[in-house]
Amino acid sequence: VSRPVAVVVLVVSAAVGGWFAGSASASSSRLTFVGELSGRVSVASVSGAKVCIAPANGGADRCGALYRGPDDRPLVVGDSASVAIARLRTGPAETTEIFIVEQPPTDDR
Amino acid sequence: MRFLRTAGAVIGAMAVTTALSADAVGGRPGLQGGEIGLTHGDGFTLTAEEVTTGGAVVDTYSSKSGTIKVIGRRGSSVSIVESTDPATGRRAASVRLSTSRPKTLTDADAYRRSGRSTVADLVALGMPRDQAVREFGDMDTIDGRVPSRAGLDSRMVASVSGAPPVTQLAPTVSGTTPYDTLCASLSYDGGKISGYGCSTLYLVAASGGDWWFDNKYKFSAHSSDGSIIRPQRLFEVGWSLAWATNNIVYDWEPESTINRSECGSVRFSLLAKGVTVSIDAPICPTKIGPWNLGSTRSGSLWQGVERGQAYEAAIGVQAVHSPPNAAASYNSPFKLVWGPFPP
C-alpha cells in the first residue's frame, strides 16, 4: 500500500472513529435538552420544587420538577417563568422531564 | 402480566362523570336514580342498588353502551357523560366521584368504624378479590406496602412509614385514619373495555378545623378484546382527586412526565406531615404524567397504546391542607380513551 493511500485511510478511519465515539457519547448522555418554555406559573407546590407553566403562546399547561439556582427564590403562582425542558434518563427504559429555570423571577411582579 | 402487540383501526373516546355528595339525596331537585343520585346521565339509568354491611351504597347505572358502578355514602350523586371525538373517532370516558362531609371528629372516624376498605369496596363493585388484593392491596396501607392475603381484613387499613404526624390528632383519630375511599368500576362494549379505580384518603393530622390529608389513587383498566383485526385498545387512562375551594393541594406526584420505552414498575411517594404515602403499578409505554393539576387538585394520566390486553394504570399521591374555612368536599374525576387499533 502506497504511503499517500495509507495516510488517507488513516485520516478517514480517525474521522469515522471520532464520529462514532461522539455519537456513542451523545446517546449515553443522561440529560437531553428537548426545548424551552416561557409563560406564567399556574400551579406551584408549597416548596416551589414542582410547577405547572401556562405557555405564553397558548396551549396546555406543562408541569414538571423544577431546578433553580441556589439564590433564586421559589416560583409562585403568577410568576413569569422561562425554563429549559430537559429529559433526564432515570432508568434503562425511563426518562423524566425536568424544568431548569433560565430566567429567575424578579420581585417586581 | 402478558403483553401482546396487535393491530386494528378506529379510535374512540368516552366520558363519564360520577359525583357523590353527602347532602345530595335522591329526592333532591336535579337528581334522579338511587341513593347515589344521577345528576347527568347521557342515557344511563339506575339498574341496581344494594347496601353493603358497612353501610355504603352500591349503585349500578347502565346504558346501551356501558355500565358504571359506584360505591359511596348515602346521598351521593353521579353524573355520566359520553362523547365521541368526530375528528379521531376516539371514544372517551371520565368519571368524577365527589362527596361532601361534615368536618367533625365523629365523622372523621366514620369510614374506619364502618369496616370499609379499598379492597372491600372494590369487591363490592364486583372485582374478584384476588385481583383486588393484587392490584389495589397497597391502597389499604398508606405507605404502599401490599398486605398479605392472609393478613388482609376488611377492617385492616393503615400502617405508618416515617415519623408520626407533626400535628397531634384528637385521641379518637389515629395518625393514619383512613378517611374515605371513592371507588368506581366501568365496563363498556359488552365488557371488552373495563376498569376499576379508587381514591383512598387518609387524615394524617388535625387540629380543630385545620386538617391535613395524604391521599393516593389508582385507576387500572384494560381491554379484553381478543379480535385479531382491529381490536379495541386503550389510549388514555386518567384519574385525579380534586378538593373544594380553600383547600390546598400542596404536594403531589407525578410531578412531571415520565416516558417509558418498556413496561416496568413506577412508584410515586411523598413525605407530608411526617407520613410517607406511596403507590406503585406497572406502567407501560408511552408515558405517565400530571393531569388535572391545580391548587385544589392533582391527577395522573397514562397515555400510549395498550399492549395486547394488559392492564394500564394511572396512579398518584397528593398532600392536602384543609384549613378551617375549607369544606371536606372532594371529588375524583377519571377518564378512559379507547378505540380500535390501528385506526
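At 25% relative accessibility, B:Ala124 counts as partly exposed, a class that lies between buried, under 20% relative accessible area, and exposed, over 50%, with a 1.4 Å probe and the protein chains only. The model is a predicted one, in which local features need pLDDT of at least 70 and side-chain atom pairs count only at pLDDT 80 or more, whereas totals for chains, interfaces and linings use all residues. Residues are numbered from 1 along each chain as its sequence is written, chains are lettered from A and ligands numbered from 1 in the order in which they are written, and side-chain values use heavy atoms, with hydrogens and water left out.

B:Ala124 belongs to helix H3 of chain B, where helices (H or I, at least four residues) and strands (E, at least two) are DSSP runs numbered from the N terminus. Leaving aside neighbours within four places in sequence, B:Ala124 is in contact (heavy atoms within 4.5 Å) with B:Thr52, B:Val58, B:Lys69 and B:Ile71. Between B:Ala124 and B:Cys198, which are 74 residues apart in sequence, the C-alpha to C-alpha distance is 13 Å.

Helix H3 (118-124) of chain B is also part of what covers the buried residues of H4(B), as are strand E11 (193-207) and strand E12 (210-223) of the chain. In helix H4 (residues 129-136), those buried residues are B:Gln131, B:Ala132, B:Val133, B:Glu135 and B:Phe136. As background, an α-helix has 3.6 residues a turn, so residues three or four places apart point the same way.

Chain A has 1 helix and 5 strands, which run α-β-β-β-β-β from the N terminus on, and buried residues make up 34% of its 109 residues. Chain B has 4 helices and 21 strands, and 60% of its 343 residues count as buried. Among contacts between residues at least 6 apart in sequence, those that join residues at least 24 apart account for 52% in chain A and for 72% in chain B.

The loop between E12 and strand E13 (232-243) of chain B holds B:Ser224, which is partly exposed with a relative accessible area of 36%. Apart from its neighbours within four places in sequence, B:Ser224 is in contact with B:Gly191, B:Lys192 and B:Gln309; B:Gly191 is 33 residues away in sequence, at a C-alpha to C-alpha distance of 7.6 Å. B:Arg230 has its place in the loop between E12 and E13 as well, and its phi is near 50°, a positive value in a residue other than glycine. In the loop between E13 and E14 lies B:Asn246, whose phi, near 85°, is likewise positive in a residue other than glycine.

Two peptide bonds are cis: one joins B:Glu253 and B:Pro254, with omega about 5°, and another joins B:Phe341 and B:Pro342, with omega about -5°. B:Pro254 lies in the loop between strand E14 (248-253) and strand E15 (258-260) of chain B, whereas B:Pro342 is found in the segment after strand E21 (328-340).

Over all chains there are 13 aromatic pairs, that is, rings of Phe, Tyr and Trp (its six-membered ring) whose centres lie within 6.5 Å, with planes under 30 degrees apart counted as stacked, over 60 as edge-to-face and the rest as tilted. B:Phe44 and B:Tyr188 have ring centres 6.4 Å apart and planes at 75°, so this pair is edge-to-face. Because B:Phe44 lies in the loop between strand E3 (37-40) and strand E4 (45-51) of chain B and B:Tyr188 in strand E10 (residues 177-188), the pair ties together parts that are 144 residues apart in sequence; both residues are buried. One aromatic cluster is formed by B:Tyr179, B:Trp211, B:Phe213, B:Trp243 and B:Tyr330.

A charge sits over a ring if NZ of Lys or CZ of Arg is within 6 Å of the ring centre and within 35 degrees of the ring normal. B:Arg101 lies over the face of B:Tyr179, 3.8 Å from the ring centre, and the charged end of B:Lys273 sits over the ring of B:Trp212, 4.1 Å from its centre.
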